[in-house]
Each structure stands twice: as structure tokens, then as C-alpha cells.
2 protein chains.
Amino acid sequence: MSSKVLMIILDGIADRPIDNKTPLLVAKTPNLDSLAMRGINGIMDPISPGIRAGSDVGHLALLGYDPYKYYTGRGPIEAAGTGINIKEGDIAFRANFATVEEKDGSFFEKKVIDRRAGRFSQTDELVEAVMDELSLDTEFILKRGSGHRAALILRGEDLSDKISDVDPKKEGKPPKKAIPLVSEEAAINTARLVNKFSEGSHDILRKHSLNKALYEKGRLPANALLLRGPGKVPRIESFKEKYGLSLGVVTGTSLIKGIGKMLGGIVIDVEGATGSPDTNIEGKIKAALDAIKRFDVVILHIKAFDELAHDGDFQGKVRFIEKVDKALTPILSLNNCCIVVTADHSTPISVRNHSGDPVPVTLVDENVRRDRIDSFDEFSAPSGGLCRIRGLDLMPIIMDLIGVAEKYGA
Amino acid sequence: MSSKVLMIILDGIADRPIDNKTPLLVAKTPNLDSLAMRGINGIMDPISPGIRAGSDVGHLALLGYDPYKYYTGRGPIEAAGTGINIKEGDIAFRANFATVEEKDGSFFEKKVIDRRAGRFSQTDELVEAVMDELSLDTEFILKRGSGHRAALILRGEDLSDKISDVDPKKEGKPPKKAIPLVSEEAAINTARLVNKFSEGSHDILRKHSLNKALYEKGRLPANALLLRGPGKVPRIESFKEKYGLSLGVVTGTSLIKGIGKMLGGIVIDVEGATGSPDTNIEGKIKAALDAIKRFDVVILHIKAFDELAHDGDFQGKVRFIEKVDKALTPILSLNNCCIVVTADHSTPISVRNHSGDPVPVTLVDENVRRDRIDSFDEFSAPSGGLCRIRGLDLMPIIMDLIGVAEKYGA
């Protein structure tokens, strides 16, 4: 019986047909087809039929966490991704270092010049200054993310995530004062704290020597932090607590790193893993094969199918599928390992965005009831032995296959 | 339109493949295949994908009772099986007549010599003595089951099933004092009552003339009752209340008899029905065909597939499948009856225990949309017209087929 699990998540790989063709149908994929042939196949609704899943909720469901219970917005995931040790009840925000007008007056009257502060990324000192100098009436943690990104959590009593974003989401407008979205004391209090944080951090940042130096060089200063996506951190069991299995995550994207960290998994960094078509795909697959020696369950997340579909690039998606398929060769000789190949959602070229169509799913394991499917694609999968399952069904099926599921009843 | 339903539950008949074969694939099953050909087919997750169902929760689900709501442990099912008229709120226990050391002192310091009292089965007088002579601070009913088995219910205010077992589950150890598993008054009170019952019944049993006679003959006295598996009886509608249909149950196993009685069904006893491969299978099928004249819905439960799989006996399972298939011949000429053939869970030979794999399901009725499936097995079923359903879906589908389902909405 397999003792390990490799879950390969091909982000947005599935399509709707254009002239009866999809990139998966057109691409030559001998390795994916060989896995389909060796396994049991089906289609899977990441959430439920017709629901357009984001990558975050799709991954949560595939890992057995009901997003309707555990997903409270991007804030907690991004905060976990930066390495903040988030706790139940924290209010977490995504933050951007940004540039607002250099003038006196209220923060909320200064227009945003660049939401990404010229993609300035040397933000460590700035974060440190805010943490050192700002005082709020509640505990807070600010931590940098990749590039111009950061995350903030507010911790304490009487806090709510039912408040509006400060980030105006476009340039040329001033930041928006956070307002409570419900008439509750906690929301009123949190909106006040967020506005105080926004003004206070701006005061500290605009005076910071680093920003003064940037300004003098004619570059955009990172003189503001724009908050968005507040979410209350839910009570969430770690993957290890829930399944008794350790989790390793190989991914090039910060969102999936955040999911992995939120569930107590270990994120394995791979040089050149970018989440784009130029990603170091061989490096990621090698990292996943190494990780499978150390972890019980390894997620190998490959992103660029989704990006190419967002760009409407049919041929690019075909080429990337073939590139990944070729790189998967060493996976085929894995032993004593349950291999799952699927996606977190469909991203049809024709939609240029996620759709609610189901995704193909292949389970390769000595224990499965093999079917006659010999191709990994949207049209073969529905005739497979799994028929149609949901994202939340996947982990129970895997747990049962590898012999670690408990019996319910006598 | 059919007015009757015969549900044939082949306990644990489905497998995982060994060298691409399962007992169902290997066995010659012209009758089962003929039913598959005449019906609509699919796979069914007794609970949900990957969940390893016990026979008790599997049967509850197949009869339309959500086990997550109605299953509180084995106690209530076994108590109903003995014929105790269980009521909502009762705390029900499984009990064994057992032999503990013959010496003075505390019951909880006497080692268990035989958990089954030498399988002594003439327990009527002993039960009567305990019922007559023991007084607790709450109402109780003790009733004998088959062989050395019995069941106990405690009835009254302030009772809880959140207490530990007295039965040490092995010989050579003394019985364990029941302890409350939560810090609630009801659990503390129930643990006290259980300990008082255990000590008090032991005092009565060890002095009983029957046990003295056994002792003098050098046989093991049935001088103790070991309680285990407490469960609070849930509010549960009878099958008749829920569906307006009468229920008859043909089974050789006490667990399924208990389920039938708990739902207010009538259990039809068949001479020689044992739940083992030597069971009187023709007798059971004849009893089911008789029962279908008197009841609206008849469950015909056949157990030994499961037993043989627990033993890892591939060929034995093949032979038993062929034996049952042959005996099913008279079923094929049933008229005006919806016939369902399925299982309560898979029991793969390779696992020697229940697995979470789905089971095949065949519905034969003049009203079904027949498909092209011509074999009753794990590999054909997923291509059938039912695709993949859940145990709780079965009764609504049947109710609809036989024309007794109410419309939802206008």
C-alpha cells in the first residue's frame, strides 16, 4: 500500500472547447496519458458544479478544507505566506507599499501615484520603522512579502473583518477611509484602527531616510501602505492535526505558499520557480521528488496554464502543457506513492478567466479500480471510474487508498 | 408501477482489484448480470467518497437515515435488537455475560477469566434475577441477546453516553471502572450508575443457584456483565412514519436485526440463517419472497461476502458469490416489485476490512432508464445511467420510482 502521496495541481489546465479543441486535446501528452491509463479517472468540481473557484478556495477544497468554513478572504492566506504566525481571531490584510503625493495634509486626501511604489522591493527597513515607531491601541504585526507586497495583522479584543478596503485599487484617486460594513462596535473599532494605521504608517514612511533618498534620486518613494482584503483568521486545524500526515508544498506563487503555510505545511523554495511559463519546471519536479522522501503528502503546483489562459494564448498553453508533460517523465517511475493529477479549476482560453467547469482528475495507485481511460483531457475523464466527484471528496478517497482512514461505525 | 421494494444488500461484496481481478469479476453470476441488464446501474458511496462505512452506518444510510444524525454507537442498535423498546434519551449498552474470578472483594479488582463465560447461553434466569433484585436510582432494562450477549438501557433524567467502557476487552485484566469523559453532571451520574450496576449485578449473579451449579460442575459461571459501547438513543422516526411503508428485514446477523427493529421494522427469523458461508441462503430468499407479500419494503441482507473478505479468502468469496447468484433465481420472476441490488460497503480481499471504495448499485424497475450495463461488478457499474450516487440518495430514488414521493414545490 502506498505510504506517500504526490498531488500534482495543474492550475487552470482545463478548458472549454474552441472548434471542438482544447489545449489539452491538442497537446501531445504521453506522460499524462500514461498516468491516466494506469489510474482511475473522473471529473471533479473543485467546489460544486458551476462554481468558479479561485486558486485559493480550489486548493483549500482539494486539501479537504471546506472553503465555506475556512476561507475568510485573501488576508489570512497572504499573512501566513509572509511568515506571520497568524492566530485565530486575528484580522489579516494584504498590503502594498505604494506612492502617494508628497504634500502636507490628510493621508486620505493625497492621490495615489503608483500602487506598487515603482515595484520597490527593498522594504525591510521600512517595515522595521513602522513596527518600531507606530503605536496602535492594539497589537499588530506588519511583515514584508515578495516585491512591494506586505501583510498586516491586527490582534486583540473587539476586532472585525467587516470593514472596507483602504486601497482605492487605481491610481489618481486618494486612499479611501476604511468604514465599518456592519453596525457593530468591533467593526467601528477596527475601521478606526485601520485608518490610524494608514495615517500613522504614512507619517513614518514619508520621513524615512530611505524614502528621502529615493525622492532625491527622482524615484518613487514607498511612502504609504495600502490595505485591502481583510479577513478574520478562522480556527483551522493544521494538515498534520487533521490527517496525521506531514505536508510539503512546491509552488512558485505566493498565494499557494500562503495556503501551505496556513495549514502548517512546509513550503519548499525552488530557484527559478516563478509561476510563469519561464518557470524552472524541471527544478520543481526534482524538488517534489526530493520532498516525497521527507513528507507524507507533497503538493506540486504548476501555475502558468492559468496565466496563459488569462492571456487568451491557446498555442502558448499547448506548448506549456507539452513542456510540463515532458518534464513529468521522472514522476512515472515513482514507486510506493499515490499520484494524483488534477487542477484547482478550469481556465478556458475563451473565457480568459476561471470557469465553473469541472476538471479532469486521475488517481494512480496500485489499489485503484483501473478504468479504460487512456488520455488525460476534459472529454475522456467523464467516462472514467470515478465518475464525478467534488474537491472535498479527494482527500478522503486518498486517505482510504493509502490505508490511513478510520472506519465510521462497526 | 411497482408497489413493492426488495432491497438485496450483499454485505461487503465489492473489492479492489488484485491482478486486475475481483471476486465479482471472476465469479459466474448470470442472475446478477441479468438484473444489471434489466436495470439502471451505477456506483454508490454508502456515506460519501472515501468514507469507510461500518455495516450499521451503511444500512442506516441506505434506508435513508443520515448516520451523522442518528448513529450514536452500537449500544442503541444492539438494545433494539434484543427487543428492548428503546426510547429517546435512553443510554444503551452492549453487554456480555462473562466470568470473573470467584473471590471476595471489589468487582473492579477481579480479573476477567472469560469475556464470554464459556459462551454460556442459558441466561434467561440470570437476567430475570438481576432485573428482580437489583435496585438502581434510575429505571433500567436488561435483556438477553443471542448466546452470551445482552443489552442494558438506563432510563431517566440526567444521563449521558459520554462515559468509558467497563469491559476491558481482554482476559486477564479486571473490569474498568466507568469514568465520565466530559465534566458534566450527567456523565458523572451515569458513570456512578454503571459502576453500581456492574458491582450489584455481579453480587446477584455470583450467588445465583445456576452459577453455583455451573461452578460445581467445573464450568465457567456467568457471574458478571461487562458493559461497553454506550450510546444515547436518538429521536428517530420509524420507517413507517418516515415513508408510510412497512418494513420487513431478513438477515442472519444481530447487528442488522437491531437496525431493523430500531426503525420499527419486523425481523423475519429464518432457520439456519447464520451470517456465515454455511447460511441457509435458499431459506432466506424464500423468506424474502414470502415477506414481499406482507411488507412494502423488504431488506434481504446477505453477510458472508464480508466475512470471507475479512479472512482474505478470494476463492471462498468467488464461490459464495456464485452460490448466492444461483439461489437468486426465483427473484428474477418477481413481478410488480422494484428490485435493488447493492452493498453496504466494499470489503476488499486485499484490505481484509471495509474500505471507502464505492459499491455497485442496480435498480430494476419498469420505470428506470435502462442503460447498456450487462454485468454486476465494480468495473461496469461506473458507466451506468445512475453515475455516482450516495447511500442517502437511494430511498428517495426508490420512493420516486414506485410513485410515493411527494412533490417539492408547485
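**Between the two domains of chain A**

I began with the link between domain 1 and domain 2 of chain A, where the count is 1 salt bridge; a salt bridge is a side-chain nitrogen of Lys or Arg within 4 Å of a carboxyl oxygen of Asp or Glu. Arg235(A) makes a salt bridge with Glu88(A), and their closest N and O atoms are 3.4 Å apart.

A note on ground rules before going on. This is a predicted model, in which local features need pLDDT of at least 70 and side-chain atom pairs count only at pLDDT 80 or more, while totals for chains, interfaces and linings use all residues. Residues are numbered from 1 along each chain as its sequence is written, chains are lettered from A and ligands numbered from 1 in the order in which they are written, and side-chain values use heavy atoms, with hydrogens and water left out.

I then checked the bounds: domain 1 of chain A is 4-72 + 235-401 and domain 2 is 77-232, with bounds that come from an automatic or database domain assignment. Their centres, taken over C-alpha atoms, are 34 Å apart. Each side brings 10 residues to the contact, where contact means heavy atoms within 4.5 Å.

The area buried between these two domains is about 850 Å², and carbon and sulfur atoms give 60% of it. I take buried area as the accessible area (1.4 Å probe) that two parts lose on being put together, summed over both. On the domain 1 side, Thr72(A), Arg235(A) and Met262(A) lose the most area, together 49% of what that side buries.

Is Tyr70(A) buried or exposed? Tyr70(A) is buried, at a relative accessible area of 11%; buried means under 20%, exposed over 50%, and partly exposed in between (1.4 Å probe, protein chains only). I found Tyr70(A) in helix H4 (residues 67-70) of chain A; helices (H or I, at least four residues) and strands (E, at least two) are DSSP runs, numbered from the N terminus. Beyond its neighbours within four places in sequence, Tyr70(A) is in contact with Tyr65(A), Pro234(A), Arg235(A) and Ile236(A). That list includes Arg235(A), the partner of Glu88(A) in the salt bridge above.

Next I turned to Lys177(A), in the loop between S7 and helix H7 (185-207) of chain A. Lys177(A) counts as exposed, at 52% relative accessibility. Setting aside neighbours within four places in sequence, Lys177(A) is in contact with Phe108(A), Ser164(A) and Asn195(A).

Why call strand S1 (residues 4-10) of chain A largely enclosed by the rest of the structure? Because 7 of its 7 residues are buried. Lys4(A), Leu6(A), Ile8(A) and Leu10(A) are buried on one side, and Val5(A), Met7(A) and Ile9(A) on the other. In a regular strand the side chains alternate between the two faces of the sheet.

I looked for the pairing next; two strands pair if DSSP finds at least two bridges between them. S1(A) runs parallel to strand S12 (residues 337-342) of chain A, with 6 bridges, and Ile8(A) has Val341(A) as its bridge partner there. S1(A) also pairs in the parallel sense with strand S11 (residues 297-302) of chain A over 6 bridges, where Met7(A) stands opposite Ile299(A).

Helix H5 (residues 74-82) of chain A is mostly covered, with 7 of its 9 residues buried. Those buried residues pack against several elements of chain A, including helix H3 (55-62), strand S4 (91-100) and helix H10 (254-262). Just after H5(A), Gly83(A) has a positive phi of about 105 degrees.

**Where chain A meets chain B**

Last, I looked across the chains: 22 residues of chain A are in contact with 35 residues of chain B. They bury about 2200 Å² between them, of which carbon and sulfur atoms give 51%. Arg369(A), Tyr408(A) and Ala410(A) supply 39% of the area that chain A buries there, more than any other three residues. I noted 2 salt bridges across this interface. Arg390(B) and Asp393(A) meet in a salt bridge, at 3.4 Å from N to O.
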